[in-house]
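Open the structure in your viewer and keep the selection tool at hand.

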Amino acid sequence: MSSTPQKRAVRKSPAERAAEITEAARELALEAGLTALTLRNVAARVGVASGLVAHYQPNMDALVSSTFATIVAAETQEVAGLLSQRPGPSERLGLLVDTLLDNSRLDVTAIWVEAWTLGRRNEMLAASVREQMDAWQKVFQGVVEDGNATGDFNVSDAAAVAWQILGMVDGLNAQALVRWDGVNDRGTHLARAVEGMVGAVPGSLMATPSA
């Protein structure tokens, strides 16, 4: 019986091939999770032999870590861009709460939840998770500090409050992954809670249409 010859991979420059593998890993993680990032799966996505992926990514723990960072940092940058379009601290904090609890972002939430678990045994990933959590905390802290400066908020420890809000967002989003009915109105409930935490005017953090 004759066998079908294996299709040769198109020859590409090292930079092109490395970028292709990185993008394949990102797409695969968003579709199937960080645990799907194996040599075989990434190679199949790119259409090359596993050995070629190993040549460019000899440490899969490092690939998982860098893929996580790429995905979540992109979201941080995207949301930071949205915040710059809002006029005041209340509008920005309200946008943060509303945007991060948007169900369209649950694929990124799933990446976070997986990373917290996998990071227990992958120190490179754990370090990346800590770095990205710090980045988000700084986003929240900056908005709270701006509110203190304008008089919209009254917070004695902006850093601590930022961590508390971030923890609430993460917890509610994790619950949403299993479509628990209790989180259907989580944006409204969280906005009310955060208003009390920062001393904002009641209703000032409720979602408003984008400009």
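**Stop one: helix α8**

In this predicted model, select residues 158-176, which form helix α8. Its 19 residues reach 27 Å from the first C-alpha to the last, close to the 27 Å expected at 1.5 Å a residue. Now colour A158, V161, A162, I165, L166, V169, D170, N173 and A176: these residues of α8 are buried. Show their surroundings, and you will find α5 (89-100), α6, α7 (123-150) and α9 (186-198) packed against the buried residues of α8.

**Stop two: α6 against α7**

Next, display α6 and α7 together. Their axes come within 9 Å and cross at roughly 135°. That angle makes α6 oblique to α7. The crossing is left-handed. To see the contacts, show side chains for W112, A115, W116 and L118 in α6, which meet L125, V129, Q132, M133 and W136 in α7.

**Stop three: helix α1**

Move to residues 14-32, helix α1. At 1.5 Å a residue, its 19 residues should span 27 Å, and the end C-alpha atoms are 26 Å apart, which agrees. Select R17, I21, A24, A25, L28 and A29, the buried residues of α1. Look down the axis of α1: these buried residues fall within an arc of 130°, so they line one face of the helix. On the face turned away from the buried side, pick out the exposed residues A15 and E31.

What covers the buried residues of α1? The cover includes α2 (39-46), α3 (50-56), α4 (60-83) and α6 (106-118).

Terms used: Residues are numbered from 1 along each chain as its sequence is written. This is a predicted model: local features need pLDDT of at least 70, side-chain atom pairs count only at pLDDT 80 or more; totals for chains, interfaces and linings use all residues. Side-chain values use heavy atoms; hydrogens and water are left out. Helices (H or I, at least four residues) and strands (E, at least two) are DSSP runs, numbered from the N terminus. The expected span of a helix is 1.5 Å times one less than its number of residues. Buried means under 20% relative accessible area, exposed over 50%, partly exposed in between (1.4 Å probe, protein chains only). The arc is that of the directions from the helix axis to the C-beta atoms. Contact means heavy atoms within 4.5 Å. Axes are lines fitted to C-alpha atoms, for helices over the stretch in contact, and angles run from 0 to 180 degrees between N-to-C directions. Angles under 35 degrees count as roughly parallel, over 145 as roughly antiparallel, 65 to 115 as roughly perpendicular and the rest as oblique. A crossing is left-handed if the near helix is turned anticlockwise from the far one by less than a right angle, and right-handed if clockwise.
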